[in-house]
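Biologist: Please take me through this structure term by term. For each term I should like to hear the value, the definition and the conclusion.

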Amino acid sequence: MFHKIKYVVIPKKSKIEYRACNQFDMTSSTLFTKILQGEIPCDEVYSDEFCLAFRDINPQAPTHILIIPRKPIESLCKVEQEDKALLGHLLLVTQKVANQEGLTQWRTVINTGAEAGQTIFHLHLHVIGGRHQSWPPG
Ligand code: AMP
């Protein structure tokens with residue numbers, strides 16, 4: 001017996017949404033590209049063919065790790081359907097590095113756009129843990 005799959009049609013983005021995404025277009029290589037290329041050193045904690053994880057230079061908690069895809073994606077605003085598996089992989093790596101750090105509780109943050117606090121326009125996931133964290137964020 002097969003279950004019928006219901007398809008949900010996702011509406012196209014409006015022009016306003018596209019403008020919001022494009023306002024932080026960055027075509028030049030970022031600091032994280034330089035870290036990936038080995039031009040700038042990092043305190044690496046995990047690496048595989050799809051991503052690199054290293055300690056944040058300005059940690060906001062006892063554990064503060066950044067996970068970046070090797071594919072240069074500006075932000076969540078620019079991900080596409082073809083990035084689906086990569087995005088899932090990055091989330092699984094959050095668990096891997098958290099476990100490596102001995103964490104069972106942590107916060108995962110993806111700042112998207114300058115207004116949300118993004119300062120480096122290469123997609124990255126913050127893994128923050130080792131202390132109590134309040135909500136909502138500032
Ligand atoms: P965001 O504000 O979400 O774009 O996060 C960028 C993060 O990169 C900040 O938490 C910075 O402290 C961190 N960062 C900046 N430069 C370096 C570096 N050279 N190595 C490691 N982390 C860095």
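Biologist: Which residue is the bridge partner of histidine 64 in β5?

Modeller: The partner of histidine 64 is isoleucine 128. This is a predicted model, in which local features need pLDDT of at least 70 and side-chain atom pairs count only at pLDDT 80 or more, while totals for chains, interfaces and linings use all residues. Residues are numbered from 1 along each chain as its sequence is written.

Biologist: What makes β3 and β5 a pair of strands?

Modeller: Two strands pair if DSSP finds at least two bridges between them. Strand β3 (residues 63–69) and strand β5 (residues 125–129) have five bridges in the antiparallel sense, so they meet the definition. Strands (E, at least two residues) and helices (H or I, at least four) are DSSP runs, numbered from the N terminus.

Biologist: What else pairs with β3, and which residues stand opposite each other?

Modeller: Strand β2 (residues 51–55) also runs antiparallel to β3, joined by five bridges. Cysteine 51 stands opposite proline 69, and leucine 52 has isoleucine 68 as its bridge partner. On β2 there is a further antiparallel pairing, with β1, over three bridges. There tyrosine 46 is the bridge partner of alanine 53, and a hairpin of three residues links β1 to β2.

Biologist: Why is β3 called mostly covered?

Modeller: A residue is buried if 20 or more other C-beta atoms (placed from the backbone) lie within 10 Å of its own, exposed if 12 or fewer do, and partly exposed in between. In β3, seven of seven residues are buried, so the strand is described as mostly covered. Over the 138 residues of the protein chain, buried residues make up 22%.

Biologist: How do you know whether the length of helix α3 agrees with its number of residues?

Modeller: The expected span is 1.5 Å times one less than the number of residues. Helix α3 (residues 84–100) has 17 residues and should therefore span 24 Å; its end C-alpha atoms are 25 Å apart, which agrees.

Biologist: Which residues of α3 are buried, and how are they placed around the helix?

Modeller: The buried residues are Leu90, Val93, Val97 and Ala98. Seen down the axis of α3, they fall within an arc of 135°, so they line one face of the helix. The arc is taken over the directions from the helix axis to the C-beta atoms. On the other side, Lys84, Ala85, Gly88, Leu92 and Asn99 are exposed. The cover over the buried residues includes β1 (44–47), β2, β3 and β5.

Biologist: What makes a residue part of the shell around the ligand?

Modeller: A residue is near a molecule if its C-beta atom lies within 6 Å of it. The residues that surround the ligand include Leu31, Ile40, Asp56, Leu66 and Gln118. The shell divides into six nonpolar, five polar and one charged. Here Ala, Val, Leu, Ile, Met, Phe, Trp, Tyr, Cys and Pro count as nonpolar, Asp, Glu, Lys and Arg as charged, and the others, Gly among them, as polar.

Biologist: What makes the bond between tryptophan 135 and proline 136 worth a remark?

Modeller: That peptide bond is cis, with omega about 5°. Most peptide bonds are trans. Proline 136 belongs to the segment after β5.

Conventions: Contact = placed C-beta atoms within 7 Å.
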